[in-house]
Amino acid sequence: MAFNKPHTRQKRIDLAQIGEAGDIAVLITDGFAASDLTDVATAAERSSYRTVIVSPNKSLVSGRSASNEEMNFVVDAHPGDRGPEAFSGLLIPGGAHGLTRLIEDQDARLLIQAFIKAGKPVLAMAEAAPILAEAAGKTPGEAGQAALALRGDLFAAGGEEAREDAISTFIKTLDMVEEAA
């Protein structure tokens, strides 16, 4: 008889506590991978972090779900509005269509570099990983399915579990950086 590993119960989201741990900037433009945002936002909310949409767009930004459905999000800030000191970390979701505009936006590039320089955790998913590698002064080929920058170091993850591992490590890193501050 085989025994199954007991299912670990996920921490419930307490809506009253969202944002108590800090804010995570999410740098996006139209065409981003919405599933990257929703997966990280869910994990962040369980740890009492709030996501703040930062975009060169004026008021709304649209992304695509895994099933290719369009999802719209309200823009909370623009890349030049606030620096890394206002946030606990930065998320750059994947989505090849949206990344071209981010690369071309000077304020977005400067914001990524400012987070890296400040030693704040930066998580880049899928197609955004090479952008983070380049901003960190590394070879873009060093990035895998996901990349995490922290204090000048770049950690890349590849393979099937890379996405979940990167999200989990990002949230744990946010907590450690906040405790050290």
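The model is predicted, so local features need pLDDT of at least 70 and side-chain atom pairs pLDDT 80 or more, while totals for chains, interfaces and linings use all residues. Residues are numbered from 1 along each chain as its sequence is written, and side-chain values use heavy atoms, without hydrogens and water.

Me: Why is His 78 called partly exposed?
Reply: Buried means under 20% relative accessible area and exposed over 50%, with partly exposed in between (1.4 Å probe, protein chains only). His 78 has 29% relative accessibility, and therefore counts as partly exposed.

Me: What makes the approach of Ser 55 to the side chain of His 78 a polar contact?
Reply: A polar contact is a pair of N or O atoms within 3.5 Å; within protein, one must be able to donate a hydrogen and the other to accept it, and residues adjacent in sequence count only if both atoms are side-chain atoms. The backbone oxygen of Ser 55 lies 2.9 Å from a polar atom of the His 78 side chain. For the backbone oxygen of Asn 57, the distance to a polar atom of that side chain is 3.2 Å.

Me: How do you know that β1 and β3 pair?
Reply: Two strands pair if DSSP finds at least two bridges between them. Six bridges join β1 (residues 22-27) to β3, and the two run parallel. Ala 25 stands opposite Val 52 in β3.

Me: What makes β3 and β9 edge strands?
Reply: The open sheet has the order β3-β1-β6-β7-β8-β9. Both β3 (49-54) and β9 (153-157) pair on one side only.

Notes
Helix = DSSP H or I, 4+ residues; strand = E, 2+ residues; numbered from the N terminus.
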